[in-house]
Amino acid sequence: MKIIYGIFFAIAYMMICVQTSFATSLDEMYRAVIRSDNSGYLPLFVKNRKAPVVVLEEDDLEEVKPSASKAVEYKSEVLNLTNDVSERMKAAKERQLQWIRTVEAVKSNQVTPIELDDITSRVKDEDPKATEILAWMYTNGVGVAKDFVEAFNLYKKAAQLNVANAEKNAFIVYKSMNEEQRRRIKNAY
């Protein structure tokens, strides 16, 4: 009986040694552990892991660092690529300040082409707040000619962008329309 137990433990020990001897790197050992935890299955996040081919020294990294600003030509357009975070933050802050000035101009009924361009570009980017503001502008004729059809369409778009009360405002604009304007909407849909 002792001989049978001894053979059994020897075989088990050899199997454990053989399994671990296949793992020649930490990555392979990690994969073996994941396989054992997942009944032999290796998940995609493990299959797609790639170890770096070359480890760079600090001196090599300085050579690889990109410049702060670089111009690239793409389809006959020059694109300025920048890696400077402060420049991007400054541009984002300026865009936010421009948006505040635009909203103030709409509130005071002093919309210029600059503010109108800002709003329409944001509407093209599917900004929900800008879409609602432009719809309101068309409804009331602020900065643009009064156009209930365009206002209705913009309120519907705002509703699709999950703007509160946009559907209700579209209905109010629809009730204010004449028959010809309602016909234009029905033809569009």
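In this predicted model, helices are DSSP runs of at least four residues, numbered from the N terminus.

Q: Where is Asn165 found, and what is its phi?
A: Asn165 is found in the loop between α8 and α9. Its phi is positive, about 65°, although Asn165 is not a glycine.

Q: Why is Glu126 called partly exposed?
A: The relative accessible area of Glu126 is 49%. Buried means under 20% and exposed means over 50%, with partly exposed in between; Glu126 is therefore partly exposed. Glu126 is found in the loop between α6 and α7, and has a positive phi of about 60° although it is not a glycine.

Q: Which residues of α7 are buried, and against what do the buried residues pack?
A: Among the buried residues of α7 are Ala130, Ile133, Leu134 and Tyr138. The buried residues of α7 pack against α5 (85–107), α6 (113–124), α8 (148–160) and α9 (166–176).

Q: What makes the pair between Asp127 and Lys129 a polar contact?
A: At the start of α7, a side-chain oxygen of Asp127 reaches to within 3.0 Å of the backbone nitrogen of Lys129. A polar contact requires N or O atoms within 3.5 Å, one able to donate a hydrogen and the other to accept it, so this pair qualifies.

Q: Which residue follows α7, and what is its phi?
A: Gly141 follows α7, and its phi is positive, near 70°.

Methods:
Residues numbered from 1 in each chain as written. Predicted model: local features only at pLDDT ≥ 70, side-chain atom pairs only at ≥ 80, totals over all residues. Heavy atoms only, no water. Buried < 20%, exposed > 50% of the residue type's maximum accessible area, 1.4 Å probe, protein only. Helix = DSSP H or I, 4+ residues; strand = E, 2+ residues; numbered from the N terminus. Contact = heavy atoms within 4.5 Å.
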